[in-house]
Structures are given as C-alpha cells and as structure tokens.
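Hi,

Here is the structure I promised to pass on. Have a look first, and my notes follow below.

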Amino acid sequence: MTGTPNHLPAVAAGSGLNVEALRFAYSGTPILLDIDLSIAEGEFVCLLGPSGCGKTTLLRLLAGLEAANSGALSWNGAPITGPSLERGVVFQDYSLFPWMTLTQNITLALKKSHPEMSARWRQNLAEEYLEMVGLAASARQHPSTLSGGMQQRGAIARTLALGSPVLLMDEPFGALDPINRAKLQDLVLDVWSNPRKTVVFVTHDVEEAIYLADRVVMLGSAPGRIIQELRIPFTRPRVRRALVGSPEFIFLREQIDERFRQDILQRIDADTVMAGGGEGI
Amino acid sequence: MAAISSVANPALQAGCLRTRGGGAVRRARWWGLRGKEGILFLLGLLLVWQFISTGISFAGRYLFPSPVVTFKTLWISLPELFTGTLHSFQILVPSMALAVLLGIVWGLLVGTTPALNRMFSPFARFASPVPPTIYIPYAIALLPTFRTAAGFVVFVGVFWPVFLNTVTGAASMPQRYRDNARILGLGKLEYLWRVVLPASLPHIFSGISVGLVFAFIMLTVAELFGASSGLGRFIQLYADYADYPRMVAGIIYTGVIVLLSMELLEQIKKRLLFWQK
C-alpha cells in the first residue's frame, strides 16, 4: 500500500458497491460463481479476465441490466434491482443512438437527469460536456460519421451528463487503436477524479488495468469467479511515460500473467481428472 | 435534391457525401435503368411491339395499337388521365396515410408489449394473409359510397404489410438500443418514439414499399368495379368502348405513376435513414 494518497481505504459498511455470494447462470450454464466484491466509493476498480470469464455479465449485473440467480448487489446500502441514473454505463461500442446527433444523444440523457431545466439550458450543457471530451466541433454530427474513438468520447460525455456517481465501463476501448486508446484512458482518469466517481472498468488488457486501476480484480473463466485481487500501488496522477515499462509496472504485469497461467493450468488439470474418471466407466 | 438538403441540413451531409460524384449513376438509377443494357432492352421491346402492331397481319391486330399511335393517344389523353390521377389519389393518399400511421403505432405497441402480442397475433395470422381484393365486393355492398369502400380496401392492403414489418422491426431491435434506453431511464412513450421507431424504420419502409404497390392494386381493381373516375376507371371505360390505344396508354401512364410514387418513397426513406451505415 505504498503511496496511495487518493485512496479511501477504510470503508463504512454498506457504502460503495457491494456484491455478496452472487451467482448467475444462463439457461443452466453457470456464468458467475460465488462472487464477493466490495468496491469503495471513489475507487477505480478494473475487472480483468479472458473472454468468457463473465466480466461483462458482472458489469451488467452491477448496472441492473441482468438479475442475479442468488446473492445480493447493492450501492450505498440500497439493493440494485434495475438500471438507475446513479450508475452510468459505457458499452464497448454503440452506446450512442445513430439517428441522433451527438448533442441530441446527450440532451436526451440530460432530460432524465435534469428534468426541471429548459431545453436551451440542456443544449448548452450538452455542448459543454462535448467540449470537455474534445468534441465541440462535432456536436452536430451523427455517430456514423465519427471514428470509433470519437464515438466513445461521445458515450463518455453522455454518461457524464447523467451525473452518475458510478461509472460502469465495458471494455470501452477494446476496438480502438493504441494511440486513441491511451488518450481515452487519460480522459477517463481525468473525468474520474473531477468530481470523484466510483469506476468499474472491464478489460482484458493487463497493462490497461494496471495503468488505470486502484485495484485489479482478476476473474477466471468457466465458470467466472474471482481468482485474485491486487492493489496497484502507483501514485496519482500517473505519468504514462514513466510508469509503463518501469520495473515495478513490469513486475505487476508478470505477476498477473503468471496468476492467469496458473489458473488455466488448474482448469486443464481439473478437466483431465474429470475426463479420466469418465473413461473408467 | 441532395445538394439542397446538404445546405439546409448539415446533419444530412454524411448521407450526401457517400453519393457525391455519382451523379450519372444516380440519375440512371432514378429511372430504374442501370447502364446501357436496360435502355437496349426497352428499345428492343418497342421494336417487337412495333413489329406486332404493324409488321404482321392477324385477326386480333386491332388489340395492338402501334407505339406511335399509343403515345399520341397518351399525349391527347393526358388531361383526362391527370384528372383521373387526382381522383384516385384523393382516395389513395388519405387511406394509405391512415394505414401507415395506424400500422406503425399499433405495430410498435404490439412489437414491444408481449401481452398485446399474445392478444393480437392469432387474429393477425388469420387476417393478414387474406388477399384484400376479396373484400372489394363486400366493401362496396357494406359501405355507403364507392369512395369509402375503395378507401377501406386500400387501407386493408397497406395496413398489414406496414403493421407486420413494424412488429418485426420492433421485435428484432438490437439489444444494445434497449440497454441504452434502460440506462437512460426512458419512459415507455419516449422509448417508443425516440428509440424503437427510428430503430425499426428500415423494416417499416420495406412494409410501406409493399403497401404502396398493394394500394395501387387495390385502388385500380376497386375502380374497375364501381368508380365514376380514376385510373382504373379510365382503363375499364375504354375497354368497354374497345378503344385499345387509350387503354394501353392508360396502362403505361399508370405504370409511370406507380414508378414515380415508389421513387418518391425511396427518396423519403433515404433522408430518414441517412444514419444507416
């Protein structure tokens, strides 16, 4: 826990996001098994794991888009029963409606978060949010005319417009080129700290997780379960140039890779034992 | 059209950019002609027509007025045909508009509400495949005027394809749109109007295209039965008088009107669906 001045380490019971003994199955196939997870208010957590580990499902459960088979999810003590403006979501792609301009997409969100304000006011605020993510010049454009990176900037602006204290992001930069990816990672760190939000960020990219997170939660697959949690000790603001490639960074990355390797080997062994048992019959 | 819209509405620029530089192609497509093959075929058809009507001698030749005679007759008949078109459209446009409106509204509701779907589907399955021409004699007997009867059968012909396609569009809407609407906390009405309707528009337009063809079929057939004026009436009238040049002219004219209507619909569709990739 060296040098984490931005942390809120001691968490009062019931505050933040809480997941207890969560199970989720899809038509009989277990997707998530016995998930226990506490995320402090203001914490930046990355859910890291290979495809098929259920990390997206876990995020959808946190968003209230899916219902758990058993177990409990809550935000600041209140059970999560459905989607709420308190928890904004950025999906991998297609978060924006293609038939609306960027501004229209955001004013639609503002209509929900600020129903008492005038259309003119919402319009102005939408443009402010777009400026914040560097899209002021594209305010009147439709998503299909924009690059993937710009679309994700728009999606982030829309989520900010909702004013949600919780940001749930589902591999938002998975389809972007490395340069845009890095720029948007820094944008997310910016918007996360001002004003401070709770972020759950799903990714399969180890470096992305280490660079962004206070804590990396590693999920193994088939069925999805938490195999390890790792605090990322780097101070903030983080400087990409100095951090990525530093011995500490590489050490963390190898630790994470090694843990996933172990998990894969364990799963293979377990399958072999089961197959061996089957052959005897 | 494209140039005007891109100036008036910057939102449409994207749609126009994609078609820019293809002016000749666009014009050719406008007439349903792609390249010289289409024109050659039409010329060939005219030649065959000319040959049948003047080149050979047979008993039924009076049934085949020559192209020159037909197009002259068409020119002379234009005022009468134009009046007929107006009368036809006075029935067609309101009935079709009502059918499109109700088909979309009811389709969106049925497509997004499982209970309504269970309630209405059995009836729709039974009623929608009935060829609407079947209703014409009954509609004429049942309804007080020819106009209401013709309007009714046009309505039936347009309603089903629009309704069924809207249901398909609403029901097959990508999950991501619903997720986004739920995340934003949209109410039912806003969800239907701002999400489901635009997302279903590609399907809705296929329904309207089919409906438009049906509308013309229903109307002209109905007019054969009992109209005093209109496109179908024009053809029926001159068939009764054995005036075949006028009859063939009427058929060609009707074809052009249907083609123009389809093209108008296509242009509306392009504008509304500019956002499609």
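Across the interface of chain B and chain A, eight residue pairs are in polar contact, both at pLDDT 80 or more (a pair of N or O atoms within 3.5 Å; within protein, one must be able to donate a hydrogen and the other to accept it, and residues adjacent in sequence count only if both atoms are side-chain atoms). On the side of chain B that touches chain A, α9 (175-184) and α10 (188-226) each supply at least two residues, and α9(B) gives the most, with nine. (Helices are DSSP runs of H or I, at least four residues, numbered from the N terminus.)

A word on the basis: this is a predicted model, where local features need pLDDT of at least 70 and side-chain atom pairs count only at pLDDT 80 or more, while totals for chains, interfaces and linings use all residues. Residues are numbered from 1 along each chain as its sequence is written, chains are lettered from A and ligands numbered from 1 in the order written, and side-chain values use heavy atoms, leaving out hydrogens and water.

Back to the interface: 22 residues of chain B are in contact (heavy atoms within 4.5 Å) with 25 residues of chain A. There are three salt bridges between the chains (a side-chain nitrogen of Lys or Arg within 4 Å of a carboxyl oxygen of Asp or Glu). Lys111(A) and Glu190(B) meet in a salt bridge at 3.0 Å, N to O.

Elsewhere, Phe260(A) sits in helix α8 (residues 247-280) of chain A. Phe260(A) and Met218(A) are 42 residues apart in sequence but 8.2 Å apart in space, C-alpha to C-alpha.

Cheers
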